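Q: Please show me the model, and then take me through how its features are to be read.
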Amino acid sequence: FNQIIDYKIHNLPPEDYLKWFKSDLRSSIFIAYLLSDWLQSDAYVGREELLNGVTDFIRYNIHLFIVSYSKKMPLYSRQINQIGEWKTVDILFVKSMYFKNRLDHENDIDWIDPTNDRQISWIYRYLDSEERQYILLKGVFFPQSLEEKFELILASLDVLSNVESRHIGTKKHKGYSLRGYTLFSMKKAWDGQKSYEAKNEVDEWKVKVYKKNHAKLKALIAFSDFTDNQMINNSIEQMYDQLIKDDTND
């Protein structure tokens, strides 16, 4: 028993140092990304499995984390020094680096609605496209809800570098970071998608007027001084009032 206690004291990180990610899916996805070389053969279905899996790995294999995390650590603009004892210095370093550099939801992506299933699914497909492949832990973590998919998207954006580069950007405007340019391009693509869908929605409601009624429509327009759209919509409203609204009131 004393040997077990001694081993725990000298080899396992204190539980307090695990709190920042063991109940936070987004942070645990980031940690799992740093450990992805060790987790490739595993499968975590939903939030709880991933949280427990990542926490247990760090708790009992901190030595493996220490020798491997730097290979996956993103290139971040804000840097800090590593100070502390060997069991905790690296996990504290990763914590500070991550929180000082991760995406700010309110300032960076306030246009994303985490409750909008259509938008979240579109963003997931955008980031997972063949030319990007930015979604983390493919084949390892399987989100089971809209909230989990949103957290996975945030973590996937978190690992993109926020260091500005003169080589990244549009043809006329460079100086973006990889993360910044990804967000810029994604917002532009989403706005284009919404515009396309709005146009198609209008097109779907186009009404054909039979050729034999063209003269009658022109006469009605001339008589009423309405446009063709106003005439058709006015007729719809009148028929609705006569056939449906009045019948409902009765």
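**Reading exposure, charge pairs, rings and patches**

Q: At 60% relative accessibility, does Glu131 count as buried or exposed?
A: Glu131 counts as exposed because its relative accessibility is 60%, given that buried means under 20% relative accessible area, exposed means over 50%, and partly exposed lies in between (1.4 Å probe, protein chains only). This is a predicted model, in which local features need pLDDT of at least 70 and side-chain atom pairs count only at pLDDT 80 or more, while totals for chains, interfaces and linings use all residues. Residues are numbered from 1 along each chain as its sequence is written, and side-chain values use heavy atoms, with hydrogens and water left out.

Q: With which residue does Glu131 meet in a salt bridge?
A: Side chains of opposite charge can pair when their charged atoms come close. The rule applied here asks for a side-chain nitrogen of Lys or Arg within 4 Å of a carboxyl oxygen of Asp or Glu. The side chain of Glu131 meets that of Arg132 in such a bridge, at 3.2 Å from N to O. Arg132 counts as partly exposed, because its relative accessible area is 22%.

Q: How many salt bridges does this rule give?
A: The count comes to eleven salt bridges. One of them joins Arg26 to Asp158, whose closest N and O atoms are 2.8 Å apart. Arg26 lies in helix α3 (residues 25-34) and Asp158 in helix α10 (residues 146-158), so this pair ties together parts that are 132 residues apart in sequence; helices (H or I, at least four residues) and strands (E, at least two) are DSSP runs, numbered from the N terminus. Arg26 and Asp158 are both buried.

Q: What separates Asp191 from Lys187 in helix α11?
A: Asp191 and Lys187 are separated by about one helical turn, because they are four residues apart in helix α11. Their closest N and O atoms are 2.9 Å apart, and the two residues form a salt bridge. Asp191 is partly exposed, with a relative accessible area of 30%, and Lys187 is partly exposed at 29%.

Q: Which residues are linked in a network of salt bridges?
A: Such a network links Glu15, Lys22, Asp56 and Arg59.

Q: How many aromatic pairs are there, and how is each to be classified?
A: Rings of Phe, Tyr and Trp (its six-membered ring) pair if their centres lie within 6.5 Å, and planes under 30 degrees apart count as stacked, those over 60 as edge-to-face and the rest as tilted. By this rule the model has twelve aromatic pairs. Trp20 and Phe21 make an edge-to-face pair, because their ring centres are 5.1 Å apart and their planes stand at 80°. Trp20 is buried, at 11% relative accessibility, and Phe21 is buried as well, with a relative accessible area of 0%. Trp122 and Trp190 form a tilted pair, with 5.2 Å from centre to centre and 55° between the planes. Trp122 is buried at a relative accessible area of 12%, and Trp190 is buried at 3%.

Q: Which residues form one aromatic cluster?
A: Trp20, Phe21, Phe30, Tyr98 and Phe99 form one aromatic cluster.

Q: What is the phi of Gln133, and where does this residue lie?
A: Gln133 has a positive phi of about 55° although it is not a glycine, and it lies in the loop between α9 and β2 (141-142). Gln133 is exposed, with a relative accessible area of 53%. Leu137, likewise a residue other than glycine, has a positive phi near 55° and lies in the loop between α9 and β2, but Leu137 is buried, with a relative accessible area of 9%.

Q: Which residues form a nonpolar patch on the surface, and which form a negative one?
A: Patches are made of residues with over 30% relative accessible area and no salt bridge, like charges being joined within 9 Å and nonpolar side chains (Val, Leu, Ile, Met, Phe, Trp, Tyr) within 5 Å. Accessible areas come from the Shrake-Rupley method with a 1.4 Å probe, and for residues only the protein chains shown count as cover. The nonpolar patch consists of Met239, Tyr240, Leu243 and Ile244, which together have about 430 Å² of accessible area, and Met239 has its place in helix α13 (residues 228-249). For the charged case, Lys and Arg count as positive and Asp and Glu as negative, with His and the chain ends not counted, and the charge is placed at NZ of Lys, CZ of Arg, CG of Asp or CD of Glu. Asp104, Glu106, Asp108 and Asp110 form a negative surface patch. Asp108 is found in helix α8 (residues 105-108) and counts as partly exposed at 33% relative accessibility.
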